Structures are given as structure tokens and as C-alpha cells.
Amino acid sequence: MAATAKSKENRKLRYRAHLVGVRDELLRELGEGTAEMIQDEPLYSDSVDLASAVTDREFAMELNSRIGQRLSEVKNAIRRVDSGDFGTCESCAEEIPEVRMLAYPSTTYCLQCKSELEAEQRGVRRVGIVR
């Protein structure tokens, strides 16, 4: 195996191991959050206690929703690693730097292309705003 092919394979294995670790941690967090939400709630002595409990439950549900979204992104990233698409920018087809891939495994754009895309989106939003 050529040196570059071997280094790419090593990189792929590192990404996959990192992503599997992140996935497992997210699954653990999601399981803990779900278990806390389904526990029987005690009777509340007054409406303030009840309101506080409802707020806490809504916060926990939002947190679980975000964890679920992140979990979905990580699972998609693992699929991209397995298919060989992980780490390549969708826009310019250049290799995305390893630091970015480890920090944002769900990214499909290099930093430059992502910045350009966000600038375009901000420009579209500004044009659409009526003042």
C-alpha cells in the first residue's frame, strides 16, 4: 500500500474511532436524559413547584432533542466514513483539515466554502428583510 493510501486509511480509522466514541457518549447522555424524564413525578404542594417542574421537564426535552440531532449527525458522519465520502468538501472537493473534521464531524464543507456559503445565506436574508 502506498504511503498516502496508508495514511488515508489510518486517518479514516482515527475518524471512525473518534466518531464511535462520540456516538456512544451521546447515546449514554440521551438514555440518562430519557430515564430522568420518565420517572414518576411527585405530587407538588403548590403551583410554583409545579411550574418549576414543568419548566425543568421542557428544558430536559429540548436538551434531549439537541442530543438526538447531534447523534443523527454523528451517525451520518460514520456512514460517510464507511462509504469513503468523509473528509471531502462537497463544494470544492478538497480534503477538509483533520482538526475541523474532529471538531465538527458533521461538516461537509471546508472552512473557506462554509464561510462563503454562510456569507451568501446572510446576503439572501438581508435582501429578504423588509424594513
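With which residues is Val 74 in contact, leaving aside its neighbours within four places in sequence? Val 74 contacts Leu 19, Val 22, Arg 23 and Leu 26, where contact denotes heavy atoms within 4.5 Å. The structure is a predicted model, in which local features need pLDDT of at least 70 and side-chain atom pairs count only at pLDDT 80 or more, while totals for chains, interfaces and linings use all residues. Residues are numbered from 1 along each chain as its sequence is written, and side-chain values use heavy atoms, with hydrogens and water left out.

The protein comprises four helices and zero strands, so that its elements run α-α-α-α from the N terminus on; helices (H or I, at least four residues) and strands (E, at least two) are DSSP runs, numbered from the N terminus. Of the 131 residues, 21% are buried, a term that means under 20% relative accessible area, with exposed over 50% and partly exposed in between (1.4 Å probe, protein chains only). The accessible surface comes to about 9500 Å², and 55% of this surface belongs to carbon and sulfur atoms; areas come from the Shrake-Rupley method with a 1.4 Å probe, and for residues only the protein chains shown count as cover. Among contacts between residues at least 6 apart in sequence, 59% join residues at least 24 apart.

Helix H2 covers residues 47-83. Its 37 residues should span 54 Å at 1.5 Å a residue, and the end C-alpha atoms are 54 Å apart, in agreement with that value; the expected span is 1.5 Å times one less than the number of residues. Buried residues of H2 include Ala 53, Asn 64, Leu 71, Val 74 and Arg 80. Just after H2, Gly 84 takes a positive phi of about 90°.

The largest nonpolar core has 17 residues, of which Leu 19, Leu 26, Val 74 and Phe 86 touch the most other members. Such a core is a set of buried Ala, Val, Leu, Ile, Met, Phe, Trp, Tyr and Cys residues joined through side-chain atoms within 4.5 Å. Helix H1 (3-38) and H2 are the elements that give two or more residues to this core, and H2 supplies the largest share, six residues.

The loop between H2 and H3 holds Ala 93, which has a positive phi of about 65° although it is not a glycine. Most residues other than glycine have a negative phi. Ala 93 counts as exposed because its relative accessibility is 56%.

Two threonines were examined in the loop between H3 and H4. Thr 107 is buried, with a relative accessible area of 10%, and its side chain is joined to that of Arg 100 by a polar contact of 3.1 Å. A polar contact is a pair of N or O atoms within 3.5 Å; within protein, one must be able to donate a hydrogen and the other to accept it, and residues adjacent in sequence count only if both atoms are side-chain atoms. Thr 108 counts as buried at 16% relative accessibility. Not counting residues up to four places away in sequence, Thr 108 touches Arg 80, Thr 88, Cys 89, Glu 90 and Ile 96.

The count of disulfides (pairs of cysteine sulfur atoms within 2.5 Å) comes to zero. For Cys 89, the nearest cysteine sulfur, that of Cys 92, is 3.7 Å away; for Cys 113, that of Cys 110 is the nearest, at 3.5 Å. Cys 89 is buried, with a relative accessible area of 3%, and Cys 113 is likewise buried, at 10% relative accessibility.
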